[in-house]
Amino acid sequence: MRTGVRLGVDVGRARIGLARTDPHAMLATPVETVRRADDGSDLARIAAVIAELEPIEIVVGLPLSMSGAETASTTDSREFAARLAALGDVPVRLVDERLTTVSAQSALHRSGRTTKSSRQVIDQVAAVILVQHAIDAERSTGSPPGSLVPASPQTPSPTPEDRTP
């Protein structure tokens, strides 16, 4: 089992839940919920968390349908994971996250919280379940979980000089 902090990322349409493991990869705990933004501020906030925690890898949830088919959310998570991978030196892995949000909602309901009062925490709890599942899988198989996202830089937008008339 590799040592080092892992950062779990549960990508949603409105919010992104973040969770982390301890340096020995025994236990996952919530970090924060980041609001999704078109202006890139969500990615900037996650980059700041990465700089602070210095994880050995980032685990992004890959939401597949129950049959294993890809959905619009799957595409969104893949695209977000690629943006994270383009940030720099930290490897990004996509890990099947079927039922993490459902499990998070169920756990919060059992603790007496309603869905409405849990919106800000539910994404963090889903990220905890995701990254805990990832370290448990690595511990049992001896291999890093999921699939590695290629760290290719994002294509820059063309400048006016690049455009042909």
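**Notes on the model**

Modeller: The backbone nitrogen of T71 sits 2.9 Å from a polar atom in the side chain of T74. Keep in mind that this is a predicted model.

Biologist: Where is T74 placed?

Modeller: T74 is in helix α2.

Biologist: Is T74 buried or exposed?

Modeller: Its relative accessible area is 0%, and the cut-off for buried is under 20%, so T74 counts as buried.

Biologist: And what does T74 touch, leaving out residues up to four places away in sequence?

Modeller: With those left out, T74 touches L62, P63 and L64.

Biologist: How do the axes of α1 and α2 cross?

Modeller: Helix α1 covers residues 41-53 and helix α2 residues 72-85; their axes come within 11 Å and cross at roughly 50°. The two helices are therefore oblique to each other. The crossing is right-handed.

Biologist: Which residues make that contact?

Modeller: From α1, D42, L43, I46 and I50; from α2, F80, R83 and L84. By class, the contact has 5 nonpolar and 2 charged residues, and no polar ones.

Biologist: Changing topic, where does H133 lie?

Modeller: H133 lies in helix α4, which spans residues 119-141. H133 is partly exposed, at a relative accessible area of 45%.

Biologist: What does H133 touch, again not counting residues up to four places away in sequence?

Modeller: H133 touches V95 and D96 on that count. H133 and D96 are 37 residues apart in sequence, and their C-alpha atoms are 9.5 Å apart in space.

Note on methods: Residues numbered from 1 in each chain as written. Predicted model: local features only at pLDDT ≥ 70, side-chain atom pairs only at ≥ 80, totals over all residues. Heavy atoms only, no water. Helix = DSSP H or I, 4+ residues; strand = E, 2+ residues; numbered from the N terminus. Buried < 20%, exposed > 50% of the residue type's maximum accessible area, 1.4 Å probe, protein only. Contact = heavy atoms within 4.5 Å. Axes fitted to C-alpha atoms, helices over the stretch in contact; angles between N-to-C directions. Parallel < 35°, antiparallel > 145°, perpendicular 65-115°, else oblique. Left-handed = near helix turned anticlockwise from the far one by under 90°. Nonpolar A, V, L, I, M, F, W, Y, C, P; charged D, E, K, R; others polar. Polar contact = N/O pair within 3.5 Å; in protein donor to acceptor, adjacent residues only side chain to side chain.
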